[in-house]
Amino acid sequence: MAVTLVTSFASSSSRFHFRSFSSSPSSLSSCFVRFQFPSRLRLAFAVTPLYSSSRAMAHTISHATLGLTQANSVDHPKISFSGKEIDVTEWKGDILAVGVTEKDMAKDVNSKFENPILKKLDAHLGGLLADVSSEEDFSGKPGQSTVLRLPGLGSKRVGLIGLGKSASTPSAFQSLGEAVAAAAKASQASSVAVVLASSESVSNESKLCSASAIASGTVLGLFEDSRYKSESKKPSLKSVDIIGFGSGPELEKKLKYAEHVSYGVIFGKELVNSPANVLTPAVLAEEALNLASMYSDVMTANILNEEQCKELKMGSYLAVAAASANPPHFIHLIYKPSSGPVKTKLALVGKGLTFDSGGYNIKTGPGCLIELMKFDMGGSAAVLGAAKAIGQIKPPGVEVHFIVAACENMISGTGMRPGDVLTASNGKTIEVNNTDAEGRLTLADALVYACNQGVDKVVDLATLTGACIIALGTSMAGIYTPSDKLAKEVIAASERSGEKLWRMPMEESYWEMMKSGVADMVNTGGRAGGSITAALFLKQFVSEDVEWMHIDMAGPVWNEKKKAATGFGVATLVEWVQNHSSS
């Protein structure tokens with residue numbers, strides 16, 4: 001026998017996996033022993049037989065630290081947000097950031113501002129603000145900003161941030177917050193105030209949401225994922241005062257809600273950004289366990305191993321995982337409020353492919369994006385990011401199940417082949433005509449499992465098809481559901497979160513493309529209407545009495561310009577769950 005010691009780094013909660021063999025492969029036994037460590041060290045011991053015929057050999061070595069890489073520990077800065085109603089000229093701090101529209105920048109015949117707030121500020125600055133804005137050709141267009149160090153005010157600097165023609169949507173105010181964060185980082189400011197030049201343009205009804213969006217944008221704009229860089233800078237911003245949007249307990253509660261959601265988005269970003277040699281299915285499961293431990297008053301975790309998934313007859317999911325040296329981990333987190341009755345049960349299901357090679361239909365050629373296939377678990381990142389936020393917010397009256405069938409789609413002698421027939425946990429059979437259409441195979445068993453939890457509604461999220469990117473581009477996700485009611489609910493939540501969704505048709509006649517000669521269905525119907533046939537495939541695994549929506553987020557999961565994850569989906573999911581709570 002050969003004995004192999006493999007070290008790997010994950011979170012503080014660690015799992016040893018021992019496999020022992022006798023002279024016969026049939027007598028394989030397996031056990032798990034759990035240990036707690038103060039550090040981020042995880043050790044995996046594997047005892048490997050010298051023979052090579054056994055299927056079990058593929059799972060004897062963990063590659064969680066391939067390349068000796070581990071994430072640096074990073075503490076996210078905590079920012080204190082508050083709403084204030086004060087004279088902007090009396091505010092004292094590092095940067096007074098003024099959001100201005102193009103109309104606000106209008107000047108009279110003497111080149112003086114007509115806007116009352118800008119006029120008042122400029123009077124304290126001896127006209128320098130108007131002069132500098134003209135010299136720098138600042139007109140208030142979106143994306144424009146200028147920060148000036150001018151004497152005459154309590155603030156050390158005054159910043160003008162362009163809002164374009166107007167600012168009325170959550171995404172516009174989130175962009176304002178992001179610009180404020182950029183200005184704070186550039187000048188190493190620790191205190192900032194945000195005010196609109198025309199605050200009367202924001203209705204009283206929308207002030208809470210607008211202030212919340214500014215706070216969210218500031219937190220997200222300040223975030224930089226430096227865990228895998230040898231050097232990093234720590235932001236110095238500590239406090240943000242939002243002026244002119246009201247004050248008091250209701251606003252403070254809304255700002256705190258925005259913080260919780262934003263840190264859930266950041267958690268989702270970090271999961272997607274983590275490379276596949278670090279974030280394996282086992283490590284993703286450990287992150288879920290950490291959430292359950294962190295919010296143990298309202299959250300529990302159940303992680304199913306491969307044998308338990310076999311007992312549940314998850315043939316579709318396990319076939320995808322079969323080729324990888326990293327075993328599958330089926331994640332089930334449950335949120336239950338600590339008190340009060342539960343009126344609604346929801347399930348959030350996320351695709352959890354920590355890496356997708358394509359299998360035997362390997363991803364090749366320009367545009368295949370194989371180098372970015374760490375983001376193929378973006379759906380699970382959205383689900384776990386939402387779990388983090390919900391664990392913090394603790395909405396009453398609603399129970400939420402967070403479900404991820406985590407695995408890798410790799411290539412080996414134990415992997416599924418084109419032409420194989422799989423049997424899902426609801427008994428339906430699938431002919432595999434493309435091993436790169438694997439996400440829907442994992443979601444099939446995950447959806448069956450979700451419906452078996454007795455939930456009323458299920459939303460699944462997946463980086464499922466390139467076809468959806470072709471249809472909608474990279475800034476919005478496609479949604480697919482037979483339920484008009486559910487579509488309205490989720491779209492309303494997305495409008496409040498600022499994330500973009502577009503409802504796509506569930507064209508039943510396209511199901512003809514998904515029929516197989518030897519099984520109940522094939523797993524892909526070709527290029528035409530590819531995102532629609534994928535949704536029709538998933539529908540086969542949802543109970544008729546459960547409202548269901550599929551969100552194809554292949555486009556907006558990744559920001560190519562920033563070369564980083566977006567955290568897409570978290571904010572909308574949290575908003576949707578919150579709307580079902582009794583608060």
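Is Asp356 buried or exposed? Asp356 counts as buried because its relative accessibility is 2%, where buried means under 20% relative accessible area, exposed over 50% and partly exposed in between, with a 1.4 Å probe and protein chains only. This is a predicted model, in which local features need pLDDT of at least 70, side-chain atom pairs count only at pLDDT 80 or more, and totals for chains, interfaces and linings use all residues. Residues are numbered from 1 along each chain as its sequence is written, and side-chain values use heavy atoms, with hydrogens and water left out.

Asp356 is placed in strand β13; strands (E, at least two residues) and helices (H or I, at least four) are DSSP runs numbered from the N terminus. The UniProt record annotates Asp356 as "binding site", together with Lys351, Asp376 and Glu438; such positions are given in the numbering used here, feature names are shortened, and annotations may be inferred rather than shown by experiment. These residues span 88 residues in sequence, yet no two of their C-alpha atoms are more than 11.4 Å apart, so they gather at one spot. Lys351, Asp356, Asp376 and Glu438 also belong to the lining of the second largest pocket. On a 1 Å grid over the protein atoms alone, a pocket is an open set of points with protein on both sides within 12 Å along at least five of seven lines, and lining residues have an atom within 4 Å of a point.

Glu438 lies in the loop between β16 (429–431) and α10 and is buried, at 1% relative accessibility. Its side chain makes a polar contact with that of Lys351 at 3.3 Å. A polar contact is a pair of N or O atoms within 3.5 Å; within protein, one must be able to donate a hydrogen and the other to accept it, and residues adjacent in sequence count only if both atoms are side-chain atoms.

The record's "active site" annotation covers Lys363 and Arg440, and the lining of the second largest pocket includes both Lys363 and Arg440. Lys363 is found in the loop between β13 (344–356) and α9 (378–393) and counts as buried, at 15% relative accessibility. Beyond its neighbours within four places in sequence, Lys363 is in contact (heavy atoms within 4.5 Å) with residues including Asp356, Cys368 and Asp436. Arg440, in helix α10 (residues 439–451), is buried with a relative accessible area of 5%.

Conventions
On a 1 Å grid over the protein atoms alone, a cavity is a set of points where a 1.4 Å probe fits but cannot get out, and a pocket is an open set with protein on both sides within 12 Å along at least five of seven lines; lining residues have an atom within 4 Å of a point.
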